Amino acid sequence: MSKVLVIGAGGVSSVCVHKMAMNADIFSEIHLASRTRAKCDAIAASVKQRTGQTVSTYEIDAEEVPALTRLIQEIGPKLVVNLALPYQDLPIMDACLAAGVDYLDTANYEPKDEAKFEYKWQWAYQDRFKQAGLMALLGSGFDPGVTSVFAMWLKKHKLKTIRQLDILDCNGGDHGQAFATNFNPEINIREVTAPARHWENGQFVETPAMAKKVAFDFEAVGPKNMYMMYHEELESLAKFLPELERGRFWMTFGDAYITHLTVLQNVGMTRIDPVLYQGKEIVPLQFLAAVLPKPETLGATTKGKTNIGDIATGEALDGSGEKTFYIYNICDHEDAYAETGNQAISYTTGVPAMIGAAMMLTGAWTGQGVFNMEQMDPDPFMDMLNTQGLPWQVKELPGPVEF
Ligand code: NDP
């Protein structure tokens, strides 16, 4: 029985708060604060209608640390769940330290003026959280989040070492729009236009964005082109799997998405540096995000499935030589929408955020300091994925991936 404060009121937050309300034995009191209170109220109304639970709402700019600290102190939660944007990670961690409350997020910090997401800024909080006797859990979404837990589950139950790891993220959903992103457009476009990086023999190797393309046949979706790109869990996986020889991340994109993005990039609309327009400074990517469809409006029309998982090769735990396993979840956009009013990308992130919070609030995962998902026992988290709408399966493949 615990009180929780969620910050941010987008698609991921909406799913997370609905799922918290559906687990009222763990989340006995839910508070929701964001920059735009009306969005919190809309989530609270949907939660009331679907579950009968009450969510208290507040307006807050999470970058105003003293005001946020006061709000946390007034509410007195056991945990703050940060589902705003990566830019707010550090101010929210500061406020948690000032108020003496545990912290959880789903995406690592990224400075506004540079598309460079790294754990170094948040890992630097290690001593402060430890000294305060508080716990911060980083990256409890799907990727990062479940993909790291999948790897650690394989390492606990199937493989003594993981030599090669490929994370495959396929969204086979169709929203019927010419061009839209499935989560925050600004964060999404910064991520996919950044150079690709993968882990190889003890270092990151950088290649141009979207330069490496491979076709893969995804269960429940069918064949798709996937592109190698950088994703933040590669940094923590390389740290916590010291034996890893090669780690890569792949995401599927349709040809129409790539064409739109290429044009937008070529004309300068994905720039993140300010330009002067009619005497005012605007950031082209922020303007683009303002005119694109809002991800939370895509749920009603999105059909199809997501399939996200890990393929890992290494020495088998049972001494039977080298083995390759594929572990993945398939999520249906329409089922996700029917349950929470949000499409599967928000669902596959919001559910693991709720489960990570449940791990901390029930004491299944404890610690003092700043932690990544790889450092925790995967079993109780994996059990909850099965019962909370993201069931997973694991199968052995004949050998390592050939791409
Ligand atoms: P949205 O843009 O839909 O929602 C973000 C919310 O944060 C909005 O309600 C926004 O308020 C609020 N917000 C922004 N700035 C502030 C601020 N200064 N103070 C208070 N609130 C603020 O994003 P998503 O729901 O799609 O994504 C949420 C998070 O989840 C992001 O960090 C994203 O990177 C992460 N994510 C992680 C994934 C994973 O698998 N690990 C996958 C997908 C997303 P307003 O409405 O006023 O703009």
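This is a predicted model: local features need pLDDT of at least 70, side-chain atom pairs count only at pLDDT 80 or more; totals for chains, interfaces and linings use all residues.
User: What lies between β15 and β16 in the hairpin?

Analyst: 6 residues lie between β15 and β16. Gly319 in the turn has a positive phi of about 75°.

User: Which strand pairs with β15 in the antiparallel sense over 8 bridges?

Analyst: That is strand β7 (residues 164-171). In this pairing Cys170 stands opposite Asn307 of β15.

User: Why is β15 called largely enclosed?

Analyst: A residue is buried if 20 or more other C-beta atoms lie within 10 Å of its own, exposed if 12 or fewer, and partly exposed in between, with C-beta atoms placed from the backbone. In β15 (residues 305-315), 10 of the 11 residues are buried, so the strand is largely enclosed by the rest of the structure. For the protein chain, 48% of the 403 residues count as buried.

User: How do you know that the radius of gyration agrees with a compact globule?

Analyst: The radius is taken over C-alpha atoms, and the globule rule is 2.2 Å times the number of residues to the power 0.38. For 403 residues a compact globule would have a value near 22 Å; the protein chain has 20 Å, which agrees.

User: How many residues of domain 1 are in contact with domain 2?

Analyst: Domain bounds come from an automatic or database domain assignment. The assignment gives domain 1 (2-138) and domain 2 (146-341 + 391-397). Contact means that C-beta atoms, placed from the backbone, lie within 7 Å. By that rule 14 residues of domain 1 are in contact with 13 residues of domain 2. α1 gives the most to the domain 1 side, with 4 residues.

User: What makes a residue part of the ligand's surroundings, and how many residues surround the ligand?

Analyst: A residue is near a molecule or strand if its C-beta atom, placed from the backbone, lies within 6 Å of it. 33 residues surround the ligand; Gly8 and Phe183 are among the closest. Domain 1 and domain 2 each supply at least three residues of this shell.

Conventions. Residues are numbered from 1 along each chain as its sequence is written. Helices (H or I, at least four residues) and strands (E, at least two) are DSSP runs, numbered from the N terminus. Two strands pair if DSSP finds at least two bridges between them. Two residues are in contact if their C-beta atoms, placed from the backbone, lie within 7 Å.
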